[in-house]
Amino acid sequence: HKTIMPRGSSCISLAILSVALLAPAADAIASVPHTVTGTAPKALSTYHTIRSALHPARQLRTSAPESVQSRGGLRGGASVGSLWARYEDLLDEEPLKTRIWSGFFIGVLGDIICQFATRSGDAFVIDVKRCLIFALWGAFGFTPLAFKWYGGMESALSQDIKFRFLLKTALDQTVFSTGITTLTFMCITVVEGLLAPLEWKMNALPRITSQSVLPLTTLVDHGWTKVTRNLWETLLENWKVWPAVQLLNFSVVPVKFQVLFVNLVAIWWNFVLSMFQHK
């Protein structure tokens, strides 16, 4: 059997999430006092027009007949906006759980893209075990840590600090990047070692092979060796892109959406990590 990637639906989903992020970002920009932004009444009118176009969910929910809303939303393109509005509500109701699920599904997508890009030959069969390991680390490792890290910086750093977003970026790209990259290499190496006998491809049922499991202390040593060998090179690759991403994240994107924004960019970053992890 061949496994074919649903390229179109993946790209459409990413596009929808990316565009939807612009609406709250625009709200954040518009909330800055006019004396700072120099916003004129005409510009404000343009902003509200763009906001309505980018964020149709709430507009549709209020303008749709009550009978339509009670049936679970509108059909067609409007349903996407309704789903996004529900996602926003879930971020308020279950902030960590919602982010964990988001991190898991984005992790799955990122590793599938990585496997597809690095495939040998025309045949493409998803390595389910590898995909799940990366996705579970993204969901239960990176996402909770990032959630606490961003929330902690938001609480600890005074709003009166000038260029606060620059300080956040500097802390993130030194303390957090070094720590989370080290943890990623260590944890994935150990988990892959513990699951070494398991083989699971998309075109076959999972099976247990005769490969032995190394002692935990040996796996930890292997993880540390991978860290010392790859950490600096990975950080250099990280600093080519992530500082600019985090400057945008901390200056424009509301705290509520910062982990999601990072998870979306991490589709590319997971590709880089996977390359270093499996080279």
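In this predicted model, S102 touches Y87 and L260, once its neighbours within four places in sequence are set aside. S102 sits in helix 7, which covers residues 95-117. Is S102 buried or exposed? With a relative accessibility of 12%, S102 counts as buried, because anything under 20% falls into that class.

L260 turns up again when F147 is looked at. The C-alpha atoms of F147 and L260 are 9.7 Å apart, although 113 residues separate the two along the chain. F147 belongs to helix 8, and its relative accessible area of 22% makes it partly exposed. Which residues does F147 contact, leaving out its neighbours within four places in sequence? The list reads P95, L96, R99 and V259.

Two stretches of the chain carry a label from a database record. An unreviewed UniProt entry lists residues 130-150 and residues 257-276 under "transmembrane region".

Now for the overall picture. The protein has 12 helices and two strands. Read from the N terminus, the order of elements is α-α-α-α-α-α-α-α-α-β-β-α-α-α. There are 279 residues, and 40% of them count as buried. As for contacts between residues at least 6 apart in sequence, 73% of them join residues at least 24 apart.

Next come the charged pairs. The count of salt bridges is eight. One of them joins the side chains of K201 and D127, at 3.5 Å from N to O. K201 lies in the loop between strand 1 (198-199) and strand 2 (207-208), while D127 lies in the loop between helix 7 and helix 8 (128-156), so this pair ties together parts that are 74 residues apart in sequence. K201 itself is partly exposed, at a relative accessible area of 32%.

Another salt bridge pairs R164 with E154, and here too the closest N and O atoms are 3.5 Å apart. Since R164 is in helix 9 and E154 is in helix 8, the pair ties together parts that are 10 residues apart in sequence. How do the two partners compare in burial? R164 is buried, at 11% relative accessibility, whereas E154 is partly exposed, with a relative accessible area of 24%. The pair also belongs to a network of salt bridges, in which E154, R164 and K168 are linked.

A further salt bridge brings together the side chains of R207 and E199, 3.0 Å apart from N to O. R207 is partly exposed at 46% relative accessibility, and E199 is partly exposed at 34%.

V191, L194, L195, V213, L216 and V220 make up a nonpolar patch on the surface, and together they have about 440 Å² of accessible area. Which elements give two or more residues to this patch? They are helix 9 (164-194) and helix 10 (216-238). V220, one of the patch residues, is placed in helix 10. Its relative accessibility of 33% makes V220 partly exposed.

Helix 10 has a buried side to its story as well. L219, G223, K226, V227, N230, L231, T234, L235 and N238 are buried in this helix.

Technical notes: Residues are numbered from 1 along each chain as its sequence is written. This is a predicted model: local features need pLDDT of at least 70, side-chain atom pairs count only at pLDDT 80 or more; totals for chains, interfaces and linings use all residues. Side-chain values use heavy atoms; hydrogens and water are left out. UniProt positions are given in the numbering used here, feature names are shortened, and annotations may be inferred rather than shown by experiment. Helices (H or I, at least four residues) and strands (E, at least two) are DSSP runs, numbered from the N terminus. Buried means under 20% relative accessible area, exposed over 50%, partly exposed in between (1.4 Å probe, protein chains only). Contact means heavy atoms within 4.5 Å. Patches are made of residues with over 30% relative accessible area and no salt bridge: like charges are joined within 9 Å, nonpolar side chains (Val, Leu, Ile, Met, Phe, Trp, Tyr) within 5 Å. Accessible areas come from the Shrake-Rupley method with a 1.4 Å probe; for residues, only the protein chains shown count as cover. A salt bridge is a side-chain nitrogen of Lys or Arg within 4 Å of a carboxyl oxygen of Asp or Glu.
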